[in-house]
Number of protein chains: 2
Amino acid sequence: MTTRTARRAAATRRSMEPVVQESTPSMIASRVREAIASGHIAPGSQLGEANLARELGVSRGPLREGLQRLTAEGLLISIRNRGLFVIEMTPERVQDMYLARQAVERAAAERIHDGDPVAAGGALMGVIEVMARARSARGEGVADIEFHQLLVSLAASPRLSRMHEILMTETRMCIHALADSYVHGDAVRVEEHTAIARSFLDRDARLTDELLAAHMTDAVRRLTAGRSTAPPSSSA
Amino acid sequence: MTTRTARRAAATRRSMEPVVQESTPSMIASRVREAIASGHIAPGSQLGEANLARELGVSRGPLREGLQRLTAEGLLISIRNRGLFVIEMTPERVQDMYLARQAVERAAAERIHDGDPVAAGGALMGVIEVMARARSARGEGVADIEFHQLLVSLAASPRLSRMHEILMTETRMCIHALADSYVHGDAVRVEEHTAIARSFLDRDARLTDELLAAHMTDAVRRLTAGRSTAPPSSSA
DNA sequence: GCCTCTAGTATTGTCGACAATCCAACGAGA
DNA sequence: TCTCGTTGGATTGTCGACAATACTAGAGGC
């Protein structure tokens, strides 16, 4: 009975945040998504519904609904009467992923330049500094992730943010799968991030665009270095 | 028993396409998505599960799974214990949608210029011509849709294509909702499309980028013309 | 020895029913 | 007359069970 009065109060004066009750499938999707991104669930592995349902303490109904959401995001692939499988990160997919990231982040950067690039540049500098200080304590790559997530969120575009979130999940998955070839470029990345942030402070939209494109190209080169375009174990 | 031998044959020689049996939730999602895109289901309306399930001849289980997919795409919003509602196209959302479309299509165009822009330009010219001939017979906007879908598909990027597909669904929904203010710019659009296609034939990447950006800006201006940023009936 | 066919097993796909929650209408009291 | 509490109806959320399908192991025949 308290919900009605609370809602009405929120309607009259918007000081208190309305209680948003996340749906169960959404929570399940978040959990499983996190497990995949953090490498807890290996790429290519099958997700047994019964096991997962037991593990999460829910029935198979809500579980399947949450997993459908991840399938829509492209994180899982569904084969009828066979089950759901986590995607494997082939070099082609890494390349395509970074192409999409480039599209999203460059658009976000352009939009920031149309708004308040100086404030954005300051915020980015801040996160770089904080992350540099806390580096090596946390896992590798969190600084990278944090920077790019902030970059896109500063564009204040719901759709770009949603797209980027999906792509960052895949990126994190990729980082864990190829951890050895990722850690090397840590210092390089920080430097590139700093240059990008500075270009915002300088209001140099063209430079930001070039730096971002180069940053992405570097990343995809590092990740696919020494790997052929077709991995040894590929399944249909 | 024929499936095993068929699959083995497909594995050895890839002449015949393997039988891909689409999952039921996926088919349901396609149906409902189409119904929303074509305006058959009004924006803002609630989707009653029991009715839809009866209408599609399936149980509520698979139906809910398919609807979860549309929720992940951002086409529906879920309110716990209340139901699923089709999103409403406010001017802000239209603007954001076209921002995302700009990001995707410009990236696709850039990638085409890295590949074979002349062939792509030819293909685009072809679809423009075919659509100009069959115009006014089909509904408004199909030429526009067709052109942009072909443009992105020519980039041969799965992720860009998937993102674009989602955005085009929203675009179609928007067109039907604002049909009156859309039909006017039909001739203008064809002209702009032709210019874009020609820029591919001329291998002028910078021009393509500028034309695409302008094309998007025009579209969003036409669609939001005369409308305030906040519609009279807005719900939280 | 190799291939083919045949159960057996495990998993997914689907359905119906029950429980929980919410909205709207109605009536009682200040 | 306005506000509050209550009841009724309808919808969503969740669960368990059944049916359908695909992989695996083993026996039999060539």
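Q: What does A:Arg64 do at DNA strand C?
A: One of its polar side-chain atoms sits 2.7 Å from a phosphate oxygen of DNA strand C; a polar contact here is a pair of N or O atoms within 3.5 Å. This is a predicted model, where local features need pLDDT of at least 70, side-chain atom pairs count only at pLDDT 80 or more, and totals for chains, interfaces and linings use all residues. Residues are numbered from 1 along each chain as written, chains are lettered from A and ligands numbered from 1 in the order written, and side-chain values use heavy atoms, without hydrogens and water.

Q: Which residues come nearest to DNA strand C?
A: A:Arg60, A:Arg64, B:Thr24, B:Ser59 and B:Arg82, out of 18 around it (near means a heavy atom within 4 Å).

Q: Switching to helix 7 of chain B: which residues are buried?
A: B:Asp144, B:Ile145, B:Phe147, B:His148, B:Leu151 and B:Val152, buried being under 20% relative accessible area (1.4 Å probe, protein chains only). They cover an arc of only 165° around the axis, so they lie on the same side of helix 7 of chain B; the arc is taken from the directions from the helix axis to the C-beta atoms.

Q: What covers them?
A: The cover includes helix 5 (91-114), helix 6 (117-133) and helix 8 (158-177) of chain B, among others.

Methods. A polar contact is a pair of N or O atoms within 3.5 Å; within protein, one must be able to donate a hydrogen and the other to accept it, and residues adjacent in sequence count only if both atoms are side-chain atoms. Buried means under 20% relative accessible area, exposed over 50%, partly exposed in between (1.4 Å probe, protein chains only). Helices (H or I, at least four residues) and strands (E, at least two) are DSSP runs, numbered from the N terminus. Contact means heavy atoms within 4.5 Å.
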